[in-house]
Structure formats: structure tokens, C-alpha cells
Amino acid sequence: AAFFRPVARGNPVVDSFEAELRRVLGSLRRLRGAGEAKPPQHDLHRHGANTLFNIWIKYKPRLPEWYYNERLVKVGDALVQLKEYKLALLQCYERYLQQFVSVNLDDVMDDVHRFKSAFFPNGFRDKNAALTFHALQARNVCIYQTVCSSGRNLQNQESLQTCLSVLTSLRLTMQVALPQENLCWLIYNGTIHIYTICRRLMTMGQSAKVLEYLLWASVCMESSIPLLSVHYLTWRATLYTAVSQCYFDCQAGIHGEIFARRGLIKIDELKQLENISSSPENTETQKIFREATLKMSVMIFKRAVYESRRKSNSFRRESKVNPRKAVNLSWPRTTTERLLVEMFDGAAAQFLAILEALSDSSRNLLPPHPPVPDEIAIRDVTSELFSAGLEILSGNSLKKQKQENIFVVTAGEKGVSGDAAVKFVKLAFSYEEWGVFYSALEFVDNFLQAQDDPTWKKAETELKLLTLMQPVVFPGIFERSFSISDYNTKEGSTPQGSEKMQTIRKESLKHGDPFNDLMILAVTVLSCVSTSEQNVHPDKEILVDVVMCLWQKCKTELQQIQMSGSDCLEYIHRHKAYQCVHILWIVHEIMEKSNIADTNVMFAEITLCLTAILENIADS
């Protein structure tokens with residue numbers, strides 16, 4: 001960065017100082033790269049903290065102040081690159097900032113005048129001002145990363161409050177820097193940090209608390225003249241989209257649509273300025289404007305597709321489109337598809353709009369459920385969106401729209417991305433659109449099977465689990481075409497245990513047991529989490545939901561076994577409850593192998609139940 005001046009070489013004190021810093025950073029870098037062989041994290045921090053502390057104390061009186069301060073910040077940046085956020089925070093950025101403030105740094109962050117007088121007593125033209133701004137912003141980033149790396153749930157009130165305090169501090173720093181055009185880099189970086197934290201909190205249901213910060217980030221991008229260029233338009237559109245999404249999360253869809261329309265106006269204003277300029281619009285610029293406009297249009301469609309149906313008093317209900325018969329009908333077939341064609345060019349853009357319209361932050365993947373509103377029109381729109389998405393995935397809409405690219409699901413830029421297609425299948429499961437779910441699954445599974453990249457194996461695994469969940473959650477709706485022999489059930493996948501436990505296992509695998517679907521699901525999940533390839537493990541959210549489902553299905557029977565005391569084994573034989581105990585055993589193994597035991601109180605209950613049953617079996 002420009003605020004770091006060249007190092008004065010040749011001075012023995014400087015050379016010694018630099019050599020000691022290189023050694024400690026090199027040591028930390030090697031420990032970071034040692035993987036499982038590295039010492040515990042707290043030991044690494046203690047060693048690094050002690051070494052750095054001694055270096056700073058030793059050399060502070062022997063070095064020029066400006067040089068010492070610059071190295072404090074630069075070493076902090078190096079530690080951030082190593083993801084040693086706590087060390088960077090305590091031993092670098094805060095050490096630098098404490099020269100300005102004798103009290104707790106956070107006590108100065110609640111008043112703009114006090115903030116200015118404390119950290120910028122000589123004004124913003126001072127040669128150290130940029131370095132101080134950088135340290136202030138980096139400190140906030142480190143605080144946030146430290147909270148995340150501690151493993152604490154950000155919904156914990158203390159952690160959440162820390163994140164909100166970081167957002168407030170980032171906003172204050174940007175507010176002070178905003179009038180200085182030469183600090184536009186800090187404004188841009190600040191919006192990235194705010195967006196990163198807000199998006200994380202949005203996924204945890206905190207959209208109402210972060211909306212004001214995303215609005216602030218958007219306004220900052222519009223208020224800094226250097227950031228108004230086309231080069232930054234893609235990022236501005238991303239911030240606009242996040243604000244609209246926040247409004248939708250807060251059940252204020254009308255404001256989400258209004259803000260998206262405002263975003264379109266801002267994009268159009270910039271486009272007009274570009275047209276006035278002497279330089280002709282190149283292909284890259286056209287692409288930037290097209291993508292920014294698409295983002296805004298998708299957020300407008302998210303509400304318009306439902307509201308247009310509500311407002312249409314003369315609307316005549318159209319019958320649902322049967323996915324199997326869709327090939328015989330011309331596109332667009334429904335009111336929803338006609339709106340898609342009017343608003344978006346190309347199947348990829350239409351598919352993106354469908355995904356956004358169906359996405360709802362309040363909806364979890366499991367358990368599946370239809371749209372909550374009782375309005376028939378809303379249910380019809382949802383079904384039409386799924387039908388349109390399936391038509392695009394099948395490639396039929398492309399042919400009917402006379403588009404060249406018929407290879408719909410792709411891993412590259414053209415067509416519908418594999419990630420989008422997988423998300424569509426998951427949404428169909430979530431909404432109980434079973435016909436669409438199984439039809440779309442065929443197309444997506446064909447795509448996944450053809451991929452060599454192991455990153456797609458995770459998606460394949462998760463879709464397999466959903467397929468096995470369907471007969472468990474809704475028995476009898478579809479015939480299950482899987483058997484327990486289809487999956488990897490290696491002898492070593494679960495501990496062998498006692499002879500009594502082995503007897504229970506053999507009994508539980510008998511054909512025709514009512515718990516057969518549960519057993520297949522449990523064994524498959526265990527197989528998925530037993531692989532050493534961590535990147536193919538299903539998401540924790542899916543694992544938690546599956547384990548909860550298995551537990552709820554077996555809970556009553558297991559509690560009866562638990563209460564039978566010394567008659568436990570007799571009760572198991574009399575009521576043929578072998579499969580329940582086997583499933584409980586497998587569930588416990590899943591918890592151990594996937595490290596999800598600390599995410600829910602339910603897991604303690606499962607462990608206690610298994611312990612009690614095994615003790616009763618031992619006493620029988």
C-alpha cells in the first residue's frame with residue numbers, strides 16, 4: 001500500500017529487527033502449513049504473542065517512530081494473510097492504535113467527533129492518516145474473524161452483538177473517510193467487509209439487524225466519485241441485490257422491489273453518462289451493464305410474479321401443467337412463463353429469476369412443506385414456476401424459444417449452471433413438488449454423473465439423501481427403488497461392539513421390517529460421512545435435519561426400551577425393536593464422524609439414551 005515507505009537498509013538495528021520479524025513470521029507460516037501436526041491453536045498463539053511482544057518492546061525505543069508504526073501494521077497484514085487474526089489484532093493493530101487512545105478503543109467508537117479528535121488530531125492530510133484508517137478497518141475485520149474462528153454460533157447474543165459493533169465501527173470509519181477522495185480504496189474495502197459480515201448474519205435470520213448497514217454500503221458506493229465508474233458497477237449491483245433481499249427476508253417485499261427499481265434507475269443513469277462520453281461502449285462494458293440490469297430485474301420479478309396474480313381480478317385459473325405432458329405444449333404456456341419471456345432474454349436468465357422467486361430465507365430444506373399462504377393464486381404461481389424451471393432444464397423451452405444452446409445444465413458460463421440446477425431440485429423437494437423433484441432429478445443426475453470434478457460429488461451425495469428422505473417423510477407416495485445393498489456398508493463402517501449388539505444388527509436387516517426405509521437412510525448417511533474426503537460430506541444443516549428425523553421416528557420406541565430396565569433385551573426381542581437400537585447406534589456414529597454433536601441439545605439426549613440402553617443390555 002502507498003502508506004508504507006521503503007525500509008532503511010544497512011542500519012544494524014533495522015537489519016536485526018527485520019531478521020527477527022522474518023523468523024517469527026516464518027515460524028508461524030510453517031506451523032500453519034503443518035496441518036494436523038501443528039501444536040494446539042492456543043499454544044501457537046501464545047508462542048507467537050510472546051515472541052512478537054518481546055520484539056516490539058525491545059525495538060520500540062531504538063527505531064524511528066514512523067518506521068516502527070509502519071512495521072506494526074505491515075506485520076499485522078502478514079498475520080491476516082496467515083489467518084492469525086487474534087495475533088494481528090492484539091499484537092499489531094491495537095498496539096498501533098493505543099498510541100492515540102489510553103482508554104478502551106471501543107469507547108471512542110460511538111461518537112464521530114470524539115473519534116476524529118482521538119485518531120486524527122492533525123486532520124486527514126496528515127501523512128499517517130491513511131495508515132491509521134487502514135489499522136482501524138483491519139482491526140474490525142480481525143475482531144469479526146476471531147469471533148467466527150472461535151467456533152461460536154453467531155446467533156449467540158454476545159457474538160451477534162460483537163458483529164453488530166464491528167459493523168457500526170466500520171460504518172463510522174467510512175463516514176469519516178468518505179469526503180476524502182484519496183481514501184476511496186478504504187470506502188470500497190469497507191463495503192466488502194460490511195457485505196461479508198451482513199451476508200453471514202442474513203443466513204442466520206438477522207436480516208432486520210443488518211439492513212441499515214447494507215443500505216449504508218450502497219449509499220457509500222454512490223457517494224464516492226471514483227467509485228461511480230463502470231468498473232465498480234458489478235459490485236454496486238451486488239450490494240443493491242443484498243439490500244432488496246434483506247427487505248424480502250423482513251417480509252417487506254414491496255420495499256425490496258422499490259429498491260431494485262431504484263437500482264435500475266441508477267444503472268440507467270450511469271449508462272447514459274457512458275453514452276455521452278467519447279469512448280465507444282465495448283463488449284465488456286455491455287456485459288457489465290447487462291448483468292447489473294439482470295440482478296435488479298430478478299429482484300423485481302421476485303415480487304411481481306406473485307403480486308401481478310393477486311391484483312388480476314379477471315384472472316381465470318389455469319390448470320397445472322403436467323411435467324410429463326409439457327413437451328406437447330408451446331412455450332410460454334402459463335401466465336408466469338409469459339412474464340418470464342417479457343422480462344428476461346434467454347433460458348439462463350429465466351432460470352435465475354425462477355430460483356430467486358422460489359427462494360425464501362424462512363424456508364428450510366427439511367422438513368418439506370407447501371407454500372404457507374392459503375391463497376390459491378400463490379400456490380398456482382409456485383407450481384407454474386416449478387413447471388417453467390423443469391421445462392428449461394429439459395431443454396424444451398430452448399428449442400421453443402429457438403435458442404442454439406441445448407446443453408442446458410453445464411459446469412461453465414453458458415446455459416444453466418450445475419449449482420443452479422441442484423438448487424432447483426432441492427427447492428422442489430422443499431415445496432413437496434414431487435413430480436418436478438423426480439423429473440428434474442433425472443436431468444441433474446445425468447449431469448452430475450458425467451462430471452470428473454470431485455466438487456460435484458457433494459451435490460450428488462446430498463441429492464441421494466433427499467431421495468431417501470422422501471419415503472421416510474411421506475411414506476407411500478412413491479415406490480422406492482433402492483435397496484440397502486446399493487450402498488457402501490463396509491463391515492468396518494461401524495464399531496463391531498458386543499455379541500448382543502451384533503445379534504440386534506442382524507435382526508434389524510431382515511427384509512420387510514417397517515423401519516427398512518429408516519435403516520437405508522441411516523446406513524447411507526453414515527457411509528457419506530465416513531469418507532476421508534471432507535469436501536464431499538453433506539452440509540451440516542442437512543446432516544442435522546436427517547439425524548433429527550431419524551431420532552423423532554424412533555424416539556418413542558427407544559424410550560420404551562430405555563424404561564424397560566433389566567428386562568431390556570427381553571423387551572427388544574418381544575417387540576422386535578432391534579432396528580430402533582441399530583438406528584440409534586448408527587445415528588451416534590454419524591454425530592461422532594460429522595462433528596455435529598455440539599450444535600443441538602438433542603444430541604446429548606441421543607447419547608444418554610444410547611448409553612442407558614447399552615447399560616440395560618449389559619445387565620440383561
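This is a predicted model: local features need pLDDT of at least 70, side-chain atom pairs count only at pLDDT 80 or more; totals for chains, interfaces and linings use all residues.

User: How many residues of helix 24 are buried?

Analyst: Helix 24 covers residues 578-594, which makes 17 residues. From its first C-alpha to its last it reaches 24 Å, close to the 24 Å expected. The helix is mostly covered, and the buried residues number 15 of its 17.

User: How many disulfides does a search of the whole structure find?

Analyst: A disulfide is a covalent bond between the sulfur atoms of two cysteines. To count here, the two sulfur atoms must be within 2.5 Å. A search of the whole structure gives a count of zero.

User: Is Cys609 buried or exposed?

Analyst: Buried means under 20% relative accessible area. Cys609 has a relative accessible area of 3%, so it is buried.

User: How are the rings of Phe17 and Trp56 arranged: stacked, edge-to-face or tilted?

Analyst: The structure has 24 aromatic pairs by the ring-centre rule. In the pair of Phe17 and Trp56, the centres are 6.0 Å apart and the planes are 55 degrees apart. Stacked needs under 30 degrees and edge-to-face over 60. That makes the Phe17 and Trp56 pair tilted.

User: Which helices does this pair link?

Analyst: Phe17 and Trp56 are 39 residues apart, so the pair links distant parts of the chain. Phe17 is buried at 0% relative accessibility, and Trp56 is buried with a relative accessible area of 0%. Phe17 sits in helix 1 and Trp56 in helix 2.

User: Is Phe124 buried or partly exposed?

Analyst: Phe124 pairs with Phe120; the centres are 5.2 Å apart and the planes at 55 degrees, so this pair is tilted. Phe120 counts as buried at 7% relative accessibility. Both belong to one aromatic cluster, whose members include Tyr96, Phe115 and Phe133. At 24% relative accessibility, Phe124 is partly exposed.

User: Over which ring does Arg363 lie?

Analyst: A charge must be within 6 Å of the ring centre to count. The charged end of Lys302 sits over the ring of Phe248, 5.3 Å from its centre. Arg363 lies at 3.7 Å from a ring centre, over the face of Tyr431.

Key: Residues are numbered from 1 along each chain as its sequence is written. Side-chain values use heavy atoms; hydrogens and water are left out. Helices (H or I, at least four residues) and strands (E, at least two) are DSSP runs, numbered from the N terminus. The expected span of a helix is 1.5 Å times one less than its number of residues. Buried means under 20% relative accessible area, exposed over 50%, partly exposed in between (1.4 Å probe, protein chains only). Rings of Phe, Tyr and Trp (its six-membered ring) pair if their centres lie within 6.5 Å; planes under 30 degrees apart count as stacked, over 60 as edge-to-face and the rest as tilted. A charge sits over a ring if NZ of Lys or CZ of Arg is within 6 Å of the ring centre and within 35 degrees of the ring normal.
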